[in-house]
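Work through the exercises below with the model open. Try each task before reading its solution.

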Amino acid sequence: MLNHIVAKSLRLMSMSGNSVLKRIDWLSVLFYFTLVLIGWLNIYSSTVTEAEPQIFNFNALHGKQLFFAGASIIAIMLVLALEVNFYERFSSLFYLIAMVILLGLYPFGKTIAGATSWYDLGFFNLQPSELAKVATALALAKYLSDIQTDIKRRKDQLYAILILLIPAILIIPQPDPGSALVFFALIFVIFREGLPLYYLGILFLVILIFVATLKFGTLWLTISLALFTTIFFLIKRKKFKVPIIPFASALVAIVLFSLSVNFVFNNVFEQRHRDRFSLWLRLEKDPKKLEQIRKTIGYNTYQSEKAIESGGLIGKGFLEGTRTKGDFVPEQHSDYIFSTIGEEWGFLGTSLVVLTFTFLFLRLIHLAERQKNPFSRMYGYGVVSILFIHFLINVGMVIGILPTIGIPLPFMSYGGSGLLFFTILLFIFLRLDANRLKESF
Amino acid sequence: MKRLLLSSLVILIGITFLGRLSYLQIFSFSPDQIAEDPAIKTIYDYPERGYIYDRNGKLLVGNDPAYDVMVIPREVKPLDTLEFCSLLNLEKEKFIKQLRKARIYSPRLPSVLVHQLSKEDYGRLQEKMRKYKGFYIQKRSLRYYDTNSGANVLGYISEVNERDLAKNKYYVQGELTGRTGVEKQYEEILRGRKGVQYIQKDRFNRDIGPYKSGSLDTIPEQGKQISLTIDKVLQEYGEQLMIGKRGGIVALEPSSGEILSMISGPTYDPALLVGRKRSRNYTKLYNDTIANPTWDRSILAQQPPGSPFKTLNALIALQEDVIEENTTIRCYNGFYVGRSKKGCHCGGGLRNVNSGIYKSCNAYFAGTFRKIYEKFETTDEGMDVWEKHMKSFGLGNYLGYDLPYGQKGRIPSKEYYDKWYGDNRWSSSYIISNSIGQGEVLATPVQLANMTAAIANRGHYFTPHILKKIEGEAISNPRFTEPKHTTIDRKHFEPVIQGMADVYRKGTARWVQIPDIEIAGKTGTAENFTKIDGVRTQLTDHSVFVAFAPVNKPKIAIAVYIENGYYGSRYAGHIASLMIEKYIKGNVTRKDLEKRMLEKTLEREYAKPYSGEEFKINEYVW
C-alpha cells in the first residue's frame, strides 16, 4: 500500500508540473535556509582547524553537517513529492513505529556520554527521539481532529495528554530529560483546540510556587499568602461571595505543595540539579561563592555568556572568535552554537537569528490558522510548539537566563538526526499548507 | 484568546531575548577586549631605553641589562619550593608572600616575583627556569650612569604605580617610567615603544598560534638617543664646588638659551636610585627634610633676588625716561622712607647709573624706583608698567623650560598689594624694598640666570632648555629657537652693562677677577628669615651673584645662589668666576681660590638654627 501511494504521488508531481513548488510558502522556506546557512557557517567556525580548512572534509564535523544538509534537501523533495493525505492517514502508524523504536533503544541503543539515545547505523548515529517529535505531532493532530474527539471531555483531554506523555516517559530514563521536556510543548496544540486555559493558570501557578519556594522559602511564601488573603477578604468580601472552604483548601494545597517542593529539591534532586537551580535563581547570597559556582558548575553558561558579551555590537568577524578558537565554550558546535554567533557576529548576528526565528514562528502560526483542514492546523501548531520550545530553552540557556538543559537549536546546532527531522517536521507542514486550497484530499 | 496564546508568547520571548542580548553585547560590552580575553596571551618585547649624552657627545646615562623573575599564578604547578628559593636567593616566607600578592593582583597576568636579578643569578637560573611552570625571566634594562652628578637634571626611573597605570593605558605592571628631570620630561622619546605579540590560547592554556596570524603584533620601537645642552665637565665641576653648600647654580648660553649646567646643592649620586636599592636610598634622601637633596633648588628655590635686581630697575627707569645715564642721586649713607632711614654700604656721595650699579647703592635705586612711580598719576599705573617690564624678563611666571617642575617666583602686582594693604592705601614707599631685590619679589636661580642672559643679549632671551638633539638632530621647537624680546630698548642696556662690567673691574666684585676674561656681573646679598620656635629670626644673608662673559660676545650667563653665604662676592662671586673660567678656558688658573672654594663648607652656618643655642649671623670668619 505504501509503495502504491509513493508511486502515485510521484506520478502526480510530474503530471501537475511542480504545482507543489508553486504553492509552497516561500517565505518560510527562505527563513529555513537562512537559519541552516548561518548555522552551518558557525559550525564550520567552531570546528575548523587551521591544518584542515577544507569545507568538504567529511571527517570533520562541519563536513558531516554539510552532508546532512544535502540529505535534508533530498528529504524535502521526498516530503513534498508524497501525496498529501499520506501523512494524515498513516500518522497513527508512524506514532506506533516511533514508540517501538524508542523502546528498542534499551536493548539495542548506543550509549554516548552516559545517555542511551542513539542507534548506531554505521555511517551515522540516529537519534530516534528526533523522529518521535514528528510522529507525536502528527499523532496528536490526528487524534484531536478526529470527529469523535471532544476536547471539553475529561477523558479525551487525558488521551490527548497521554499521546505526548508516552514518548516523554520513554525518553526520560535514557536519560535525556531535555528531549522529554520538548513533548510537553505540544500542550499548546491542545490549548489551541479548546483545552480550558485555567490549566495553563494552574501550570503557571505551580511554576511560580516552585520558584518562589526556592527563592524565598516556604515560610515567607505562607506569610505573604496569608497577608494577601487577609487584604483580599477585607476589600472584596462585600462584593463577591467567595466560597470559603474551597478557597481555604486551595491555600492549604499551595502550602503543602511548597513544602513538598522543599522536600523534593533537597532529597530527590541530585546535587548537580540543585546547583543548576541555585545558579539560575541566584540562591547563593555570597557573591564570591556565587562567582565560584558560575565558574565551576556554571562553567558552560559562564563561558558562553562571556563569549557572547565579547562579541559586542558587530562581533569579531567570521573565524575570528578567540574564545571559539580556544574552545572555551564546551559543546559550542552543538548546543552552544548560539554563542559562536554571538562572539563572531555580535549583536547584529544574534538579533538577526532571534528575529528570523520569531518571524518564522509567527509566519507558521499564521499559516496554521488559515488551514481549512483541522488536521493541518493542529499539525502546524505542533510544529511551531516543538520548534519554539527548542528555541526558548536553548537560547535561554546560552544567554544565561534559563538553567542548563541540553537541547539543540533547531536547524543550527550540529547533529545529523536533528537537522534531518526538524526539516522533515517543518516541510510536512509546508506540504500540507501548499495543498490547502485543493478540495480533494 | 486561545488563538493568540502561542503568538504572544513567541513575541514576548523574542523581545526578552533581544533585551538580554543587548544587555550583554551592548551595555556590558567592554571595548578593552584583548586585555580581558582569556584566550589571548600578550607578550611584550621591551626596547632599550635611549642613551643620554651631554652637549659635547659625552655619555651621561646608558643602560645595564637586568632580569626580573615573573610569575603567572594560575600557571604555577606544585614545585620544590626550597630548591627554587635557594636558586632565587630568596627566603621561603618571602616567596610565599610574594606569590600570594601576585595572585591577589591577578591570577592570569604576570607579576614580578623578584626584581632585578644580578647577572650571575640570571646565569644560574636561566637553564633551570623551564622546570618551573608559571615562572619566567623578563629581561629589562637598568640605567647606568657615566657620571655621579646631574641627578636633579637627569631624574630617575622607577616602576609604574597604580596611579600611572590608571592614567596611562600604555603601561602594565612592572614597567619603568621616568619620575623627575629629563627622564620624566622626555619619557616617551627615551622609552621608545614596546613590541607586543598576541598569542591565541585554548582553554587548557596552551598556545595554539599567533592571534590573527600576528597581524596585530608590533615590533618594538627603539628608544631614541638624546643629547642635552648640559656640559658634563662644567656640571661636575659645579657640583664639586657646591659640596657643603646649599643653593643653586644655573649657567646658560645666552645666544641659544641652552642650559650649560644646572646644579642644586646638596645633591646625590644618580646611581643611588637604580635597581633593587632604589627605594631604600630614596627614602633616605627623601627623609632628609633639612638639607633636602631631592629638592632641586636651581629651579624650585624661590628667594629674594637681592641686588642683581637693581640692574632691571635701572633698565626700566631708562626705558621710562625718568632718568638718564648721568642723572645723579645723592646717597646719604642711606636713604629716607618717611622718617625712617635705610642704610647703604656704598660709601655715600653722588651716584649715577654706572656707579649706582658697581657700588650697589641702595639709595640710588630707591630714588630711581620712586621716579618710575612718580611718572604716573597713580601708583596703580606705575605698578602695572613696572610689572609688565619685569615680567618681560621671564620673572614672576613659569619660564617654560623643558623640565617637569618649576616655580613662578613672584613679581608683585597691584592686586597683590591691594590685598595686603587695602585698595589705594599703599604707595611706592611701601614697596621700596623691591628696588633692591628684597621685599616681595622672589626668583629662582634659573630665572636669575635667564634675566642675566637677557641683559647679555641686550634685550632678548631664548627660553632656557635642556634638550639639544634627538638622535643627532638638533631640536627645532620654536618655543626654544625663537627669541623672546623684553620691553626694554637695546640702547638702554649699554650703560647698565657698563656698570656691571665695572662691578667686576672696580666695584663689589673686584676680588673675583679672572685673567683675560672680561666679566659683567652683579653681586647680591639677600636678607632672609626663618622661624625658630615660632619666632621670626634673621639668618646669615644669602650670597648671590649673576654674571655673563665675555662682555661683548657673551658665551655664558650664570646665576649663583648660595644660601647663607653672606655677601655676594664671598661665595657666589667666587664660584661664578670659577665656573666661567672653567667653561671659557677649559681649566682654572687660580688654583688657590679653587682649592679654597672646594674645601670650604657652610655646614656650620646651616647647623645654627638647629643648634638650639643663640647664634650670631653674618660673621666674617671663614
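**Exercise 1. Find the bridge partner of B:Lys201 in S9(B).**

Solution. The partner of B:Lys201 is B:Asp207, in S9(B). Strands here are DSSP runs of E with at least two residues, numbered from the N terminus. Next, take the strands themselves. Strand S8 (residues 195-201) of chain B is joined to S9(B) by two bridges, and the two run antiparallel. Two strands count as paired if DSSP finds at least two bridges between them.

A note on the source: this is a predicted model, where local features need pLDDT of at least 70, side-chain atom pairs count only at pLDDT 80 or more, and totals for chains, interfaces and linings use all residues. Residues are numbered from 1 along each chain as its sequence is written, while chains are lettered from A and ligands numbered from 1 in the order in which they are written.

**Exercise 2. Give the strand order of the open sheet in chain B that holds S1, S8 and S9.**

Solution. The order is S1-S8-S9, with antiparallel pairing. Now look for the edges. Strand S1 (40-45) and strand S9 (207-210) of chain B each pair on one side only.

**Exercise 3. Which residue of S3(A) stands opposite A:Asp120?**

Solution. A:Asn125 stands opposite A:Asp120. Strand S2 (residues 115-120) of chain A pairs with S3(A) in the antiparallel sense, over two bridges. Step out to the sheet: three strands, open, in the order S1-S2-S3 of chain A. Its edge strands are S1 (110-112) and S3 (125-126) of chain A.

**Exercise 4. Is B:Gly524 buried or exposed?**

Solution. Locate B:Gly524 in strand S21 (residues 520-532) of chain B. B:Gly524 is buried because 33 other C-beta atoms lie within 10 Å. The cut-offs are 20 or more such atoms for buried and 12 or fewer for exposed, with partly exposed in between; C-beta atoms are placed from the backbone. Then check the neighbours. Leaving out residues up to four places away in sequence, B:Gly524 touches, among others, B:Pro305, B:Gly437, B:Phe545 and B:Gly568. Contact needs C-beta atoms, placed from the backbone, within 7 Å. B:Val544 is also on the list. The C-alpha atoms of B:Gly524 and B:Val544 are separated by 4.5 Å, at 20 residues apart along the chain.

**Exercise 5. How many residues of chain A are in contact with chain B?**

Solution. 38 residues of chain A meet 32 residues of chain B. H16(A) gives the most to the chain A side, with eleven residues. Helices are DSSP runs of H or I with at least four residues.

Methods: Contact = placed C-beta atoms within 7 Å.
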